[in-house]
Amino acid sequence: MAMALKLLKQLRGPSTTTSTILYRNLRPRFSNLRSTIRLFSDAPLSEPLTTPPHQNPHSPSPSSLNQYELAKFAAIAETWWDSEGPFKPLHQLNPTRLAFIRSTLCRHFGRDPLSPRPFEGLKFVDVGCGGGIVSEPLARLGATVMGVDAVEKNIKIARLHADLDPLTSTIEYRCTTAEKLVEEQKNFDAVFALEVIEHVADPAEFCKSLAALTVPGGATVISTINRSMRAYATAIVAAEYLLHWLPKGTHQWSSFLTPEELALILERASISVQEMAGFVYNPLTGRWSLSDDVNVNFIAYATKIKTAHL
């Protein structure tokens, strides 16, 4: 129990952060990319050059699909909307993810963040939508939403749940992949891949598909877990083995990307990261909040370069 409490404190990260300290610590690592990234409460930074990780060995093909990961999530598909089940951490994290999305995309598209439906008239795609826990609130915010997932069980659960509410019954759910949508020449104003990229076989190819789906000048939002020692201690050891928040084996530390690696991969796909924020968990309140601390969970908002030709 003492070990669990110690790791929970690590989840919270530093009790205070300052823009001056953050800028000084990150600036050397963010100096080589052309794009600039504005962290949650910081001034723009320049970005990193690091080598992307090796392709996940579980995948038998060059596709971004990882069959091992698909089977893993298919086994727990029925629990997507059980807020006390295996996806409880995502349910708890969801309001904070949506707060970041609403703030950045209202600014990006020039929409009123106080409007009940600020994304009216915009087309969004939620790649790796699972049971639809992000697709549904995006639809309620006015967007025309397509949710795609390679696990058929996830899509069935998502459709059943969406049909319970007239505001979400309009979501188009499809059992397909980002690559297949690219082949169909689909385009969207904003593309989302939340807690997905750490489960694909080839992050670089996956990001190329996300870029191809994003209209020039559109937005791409990705959230994932940093490949740091603190992330290993909290997101794997604590969350999976000590606290049992997640099924054992949910995450592979070697499949995580650092913020620098993600920014570089996106840059190579003509996607420029504009802002990053970390998610920090408070074990006393059971709530997540946005932070400059990107050592464990983080989210990135990026834009498709208008002159890009993929």
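The discussion below sets values against definitions.

Mentor: This is a predicted model, in which local features need pLDDT of at least 70 and side-chain atom pairs count only at pLDDT 80 or more, while totals for chains, interfaces and linings use all residues. Residues are numbered from 1 along each chain as its sequence is written, and side-chain values use heavy atoms, with hydrogens and water left out.

Trainee: Why is Cys129 called buried?

Mentor: Buried means under 20% relative accessible area, exposed over 50%, and partly exposed in between (1.4 Å probe, protein chains only). Cys129 has 4% relative accessibility, and therefore counts as buried.

Trainee: What makes Cys106 buried?

Mentor: Its relative accessible area is 3%, so Cys106 is buried.

Trainee: How many disulfides are there?

Mentor: A disulfide is a pair of cysteine sulfur atoms within 2.5 Å. By this rule the count is zero. For Cys129, the nearest cysteine sulfur belongs to Cys175 and is 9.3 Å away, and Cys129 is in no disulfide.

Trainee: Which residues does UniProt place under "binding site"?

Mentor: The unreviewed UniProt entry gives Glu195, Glu198 and His199. UniProt positions are in the numbering used here, feature names are shortened, and annotations may be inferred rather than shown by experiment.

Trainee: Why is Glu195 called buried?

Mentor: Glu195 has 13% relative accessibility, and so counts as buried.

Trainee: What makes His199 buried?

Mentor: The relative accessibility of His199 is 11%, and therefore His199 counts as buried.
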